[in-house]
Amino acid sequence: MSRRIQWIDIAKGIAILAVIVGHTLGPYNGQFFGSFIFAFHMPIFFVLSGFLFHTRPVKQAFMHGVINLLLPYLATGLVMLVVNFLAIHVVRNPLIRVCFPNTRQGLVAIGYGAGSEVFNPWGWRVIPIGAIWFLLSMFIAILIFNVIILSTQSLKYTNLARFVLISFLTIDGGILGKIAYLPWAFNAALLSQVFLYAGFIIKKYDVLAKITMPWYLAFVFVWLVSAFQGYFALTVPTSPNLLISVIGGVGASLCIIQISDRLSRYQGKPVINLLERYGRLSLIVLCFHLIDLNVVGLYGWTFSHINVIAGPLVATIVGIVYRVGFATFWMFIIPKVPILRMAFLPRRYLLK
């Protein structure tokens, strides 16, 4: 594969735009296109993280995750709480929304970190925080994966030990997804070990250089099978068949990687440069997409008005354009604002 760094950014750019589209399908949720997107848009981030993974001492890995994942998560939560407070107590405007009934429930939601409806045998009721569950889950997943790789590297049968451990944790994640939605999307962190390991193996054995076109046809096939069977909600995790969803997630990720590598050959083209920028700044895009989803009311206002005039399809397309535009605006603004860029791009600015 050529231009490794660039194709990774392009792949992340495609994935984060797919996240926005998948969350904006409105009346078309539950149809094939949505399932097609959900089959890969979260798994590929874990696959790419596995591809880029290198071991760290446990304490260093923990601090690395705190700075690069938990700090942006908390900054996003703080923005949501401020806007939510204004919507309740100060501003009477349909363009900002109430997400939490009060600040206390907002803090509980941020602390729990659920991406979707919380369910458990003990009856806890917590408002979901939404899409940034991914940051908490990735934090936990990387810590677990780092311990697995460190603890098995001196064993005689290293690959076998890793395969057994990761299979066990992945299966546990799937089982827990039927019993309880645990804090910090811990279920997803367990199941995602398989995606991290897939990326790790792809890098370690240079799999990308060895895959031929017939293999990609097989990957497209499993991607389509996964999409046709229904939604893969990795945050729970749940799907009609998790095994098919996992295989489809890996296959779809490899397809997107191949597409990204081919696109990287057009370096310098404005569209490719923009895709690469979305990938480099995908964390900002995710965080401000969530703010738009939860506490900004402009999408709902726009959709309702256009739906009356032009119907749901046009309203959905306009909604997608708006939501991509909203995230894009902040993607360009945040790196220019000193305090905010330290919170949302800590690796680049805070550590300096």
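**Pockets and salt bridges in a predicted model**

The second largest pocket in this predicted model holds about 540 Å³ of space.

User: Which residues are the closest to the centre of that second largest pocket?

Analyst: The second largest pocket has 21 residues lining it. The ones closest to its centre are Thr 170, Val 194, Leu 243, Val 246 and Ile 247.

User: And which helix gives the most to the lining of the second largest pocket?

Analyst: Four helices each supply at least two residues here: H7 (158–176), H9 (193–204), H11 (213–229) and H12 (242–263). By class, the lining comes out as 17 nonpolar, four polar and no charged residues. The top contributor, with seven residues, is H7.

User: OK, now the largest pocket. How many charged residues are in its lining?

Analyst: The largest pocket has a volume of about 1,100 Å³, and 34 residues line it. Lys 12, Leu 52, His 64, Asn 68 and Arg 347 lie nearest its centre. Split by class, the lining has 20 nonpolar and eight polar residues, and the charged ones number six.

User: Which helix gives the most to the lining of the largest pocket?

Analyst: Helices giving two or more residues include H1 (4–22), H3 (43–52) and H4 (58–89). H13 and H14 also belong to that group. The one that gives the most, seven residues, is H6.

User: Switching to salt bridges: what separates Glu 276 and Arg 280 along helix H13?

Analyst: Their side chains meet in a salt bridge, at 4.0 Å from N to O. Glu 276 is buried at 15% relative accessible area, while Arg 280 is partly exposed at 39%. Both sit in H13 (residues 270–280), four residues apart, so the separation is about one helical turn.

User: How many residues apart in sequence are the parts tied together by Arg 323 and Asp 292?

Analyst: These two form a salt bridge, with the closest N and O atoms 3.5 Å apart. Arg 323 lies in H16 (residues 312–333) and Asp 292 in H14 (residues 282–295), so the pair ties together parts whose spacing in sequence is 31 residues.

User: Last one: which residues is Phe 36 in contact with, leaving aside its neighbours within four places in sequence?

Analyst: Phe 36 is found in H2 (residues 32–38). Its relative accessible area is 23%, which makes Phe 36 partly exposed. With those neighbours left aside, the contacts are Trp 223, Leu 224 and Ala 227.

Key
Residues are numbered from 1 along each chain as its sequence is written. This is a predicted model: local features need pLDDT of at least 70, side-chain atom pairs count only at pLDDT 80 or more; totals for chains, interfaces and linings use all residues. Side-chain values use heavy atoms; hydrogens and water are left out. Buried means under 20% relative accessible area, exposed over 50%, partly exposed in between (1.4 Å probe, protein chains only). Contact means heavy atoms within 4.5 Å. On a 1 Å grid over the protein atoms alone, a cavity is a set of points where a 1.4 Å probe fits but cannot get out, and a pocket is an open set with protein on both sides within 12 Å along at least five of seven lines; lining residues have an atom within 4 Å of a point. Grid points are joined across faces, edges and corners, and a volume is the space filled by probe spheres set on the points. Ala, Val, Leu, Ile, Met, Phe, Trp, Tyr, Cys and Pro count as nonpolar, Asp, Glu, Lys and Arg as charged, and the others, Gly among them, as polar.
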